[in-house]
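Thanks for coming. I have a few minutes on one protein model, so please look at the screen while I go through it.

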Amino acid sequence: MKVSANFIPTLREVPADAVIVSHRLMFRAGMLRKLANGLFAYLPLGLRSFRKVENIIREEMDAIGSLEIKPTVVVPGEIWKESGRWETMGEGLLRVKNRLGADFVVSPTAEEAFTSLVRDELSSYRQLPLSLYQINTKYRDEIRPRYGVMRGREFVMKDAYSFHTDDESLDETYRKMGSAYRRIFKRCGLTVIPVKADSGAMGGSGSEEFMVESEVGDNTLLLCKACDYAANVEKAGCKPDYTVPASIEEAKAAATSVPAIEKIDTPHVKTIEELCGFLKTDAKKFIKTLIYKAVNVELDLNTAPGCSKLERKSPSPGAPAVYPAAFFAVAIRGDLDVNEVKLAALLKAGEVTLAADTDVERFTGAPVGFAGPVGLNSIPVIADETITALNDAVTGALEKDKHYQHAAYGRDFTPWLTADVRIVKAGDRCSVCGGELYEKKGNELGHIFKLGYKYTKSMNVSYLDEDGKSRTPTMGCYGIGLDRTLASVIEEHHDDAGIIWPLTIAPYHVIIVPIKYEGAVKTAADDLAAALERFGVEVLLDDRNERPGVKFNDADLLGIPYRVVVGDKNLSLPQPSVEVKWRSEKENRLVDVSKAAEELAGLVCAELEKLNS
Ligand code: ATP
Ligand code: MG
């Protein structure tokens, strides 16, 4: 392919909003252009690399027996209403009406579409397990699209969905997906960190995210210095630095020697820091209590204090019943913070946010700053596990300018629920080996989940088992963002001059740069290109009438792995030669022009084999 016949509008300048390397280089190398905020067009060069990512993903999905299908991008709103996500997905879901007024969704993900397709065809256990995938356009009305295709509004995702009769079968597919993902990222030349992840709004348990380290990553990862533990902060746990009593009785017994709880005056003292100063103790002796509002809570609150009259309804006929809004108090050790993702997962809630001051006052009967678990009956109290080890604590007394001291868990208050809802930070101890945890920023490229019955139940999927009994299949889902994967390859492989493609993703394997495209040089360059192409090597021939310096700079910017310079001087050597250079190396090498095609083809093959193995 000749450069003059291609459409590679390289740029010297970068768009002002391009703050990360991949965004800048995709624009500068003429791979990508912007149509609108979060909407991008791949130009020919960009699309070639994009297709290579796509093919790798397709090969690895096919290799584990997942079957490709092609549903539509626009799907009926009806199925989103069945799953309940028409209500819970919020503004990120692009809803459209057709001319008849019927509701449609521009797919941001496709659990509903695949579940409904499978529902219509599934009758017998013999059809399971079934693993289906698509590589298709997604649309998410992201609030803040940024970093080019890293977070666009329209993007392409490979999404797979699997259906099973039992957990063992789901586990097997989940494991296979995990290893296919590792192979995909390796073949793309990416270093990924697989981390334990929260399953969030998707429901279910068991999930792994594939992260790449990134300064501008949206995710915080916690990694252990001593073992291979890695988790998203949303899910990360840590080894307790306290002893959890085996039971409430044991906690009570431990508190017998503690003085009776006592209300004290704490005038104008509200924050933990002020209290620490005032009482001359440390934040670890405080019980901090925060009031949260949760929406669409699926957890049963039947026995929860203050919840007997709460409204509970199904957002749509098949969907599980939820409490549209509920309030909770969360008690946690004073030096720690509440992890809202863990809290939302515990409550099976759509979202949790700190309650407004007026709500805090309504439930605690005191101004903000005096909440505490002792005597709080208006809403359920959720205690972080750390609280169970506190039997001589200071906490808000539900009264202006008053706190309790000597408050003991189990003796002076019993929470409705106890769970791990803390944010784990660098310096905390690894839950696996006790090593020190440290933080990294990361970007998520892929995600595998065990979904369980969330969609198959709400959307009424069933099959007949061996005994003719009707059963619900369990489900997994597995996604990879192609655009983000491609951009991440550039993030990992570049230098000041441009992209350094791994051969597997490079738009072309070899770029031929004739010093001047005429006469013997032109003939030699054309012959070499033709010979390479006969070997199956993908060649870009820079036939432009530009100065060599300009062509060299562009070759570096485009990042084509091998560069061959064809010039008069080397062609007139006793042994006519061309200069061969590997993009990541500085040194040129002279290669006999008559052997150049074979030698380069050998190098290309060997390198592809290495990356693909
Ligand atoms: P994020 O937390 O980054 O918004 P997500 O967890 O919502 O991502 P999933 O629903 O797990 O994403 O989607 C699977 C994959 O799709 C992600 O791992 C990512 O590679 C890709 N992806 C998601 N949102 C976008 C986006 N706005 N732009 C580009 N790729 C995206
Ligand atoms: Mg995700």
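Start with the contacts across the chain. Of the contacts in the protein chain with a separation of 6 or more, 72% are between residues 24 or more positions apart. Keep in mind that this is a predicted model, and every value I quote is computed.

Now the chain as a whole. The protein chain contains 16 helices and 31 strands. Its C-alpha atoms fill a box of roughly 100 × 65 × 45 Å, taken along the principal axes. There are 613 residues in the protein chain, and 52% of them are buried. The chain exposes about 27400 Å², with 51% of that supplied by carbon and sulfur atoms.

In helix α8, residues 272–279, the buried residues are Ile272, Leu275 and Cys276. Looking down the axis of α8, you find these buried residues within an arc of 105°, so they line one face of the helix. What lies over them? The cover on the buried residues of α8 includes β14, residues 286–297, and β19, residues 402–407. After α8 comes Lys280, with a positive phi near 55°.

Helix α9 covers residues 340–347, and in it Lys342, Leu343, Ala344 and Leu347 are buried. Note that a lysine, Lys342, is on that list. Which strands do the buried residues of α9 pack against? They pack against β14, β15 (323–333), β16 (351–354) and β17 (381–384). After α9 comes Lys348, and its phi is positive, near 50°.

Now a single residue, Asp428. Asp428 sits in the loop between β20, residues 417–419, and β21. Is Asp428 buried or exposed? Its relative accessibility is 18%, and the cut-off for buried is under 20%, so Asp428 counts as buried. Its side chain reaches the backbone nitrogen of Lys425 at 2.8 Å. Leaving out residues up to four places away in sequence, Asp428 touches Cys238, Arg422, Ile423, Gly435, Glu436 and Leu437.

Last, the ligand. How many residues surround ligand 1? The number is 14, and the closest are Arg140, Glu142, Arg151, Gly152 and Glu444. By type, the shell around ligand 1 divides into five nonpolar, four polar and five charged residues. The largest share of that shell, four residues, comes from β21.

A backbone N or O atom of Leu445 lies 2.9 Å from an oxygen atom of ligand 1. For Gly446, a polar backbone atom is 3.4 Å from an oxygen atom of the ligand. Arg484 uses its side chain: a polar atom there lies 2.9 Å from an oxygen atom of ligand 1. Taken alone, ligand 1 exposes 590 Å², and the protein buries 84% of that. The elements that give two or more residues to the shell are β8, residues 154–164, and β21, residues 437–452.

To go back over the main points: 52% of the chain is buried, the buried residues of α8 line one face of that helix, and β21 gives the largest share of the shell around ligand 1. That is all I have.

Key
Residues numbered from 1 in each chain as written. Chains lettered and ligands numbered in written order. Predicted model: local features only at pLDDT ≥ 70, side-chain atom pairs only at ≥ 80, totals over all residues. Heavy atoms only, no water. Buried < 20%, exposed > 50% of the residue type's maximum accessible area, 1.4 Å probe, protein only. Arc of directions from axis to C-beta. Contact = heavy atoms within 4.5 Å. Near = heavy atom within 4 Å. Polar contact = N/O pair within 3.5 Å; in protein donor to acceptor, adjacent residues only side chain to side chain. Areas by Shrake-Rupley, 256 points an atom, 1.4 Å probe, with all protein chains shown as cover. Nonpolar A, V, L, I, M, F, W, Y, C, P; charged D, E, K, R; others polar.
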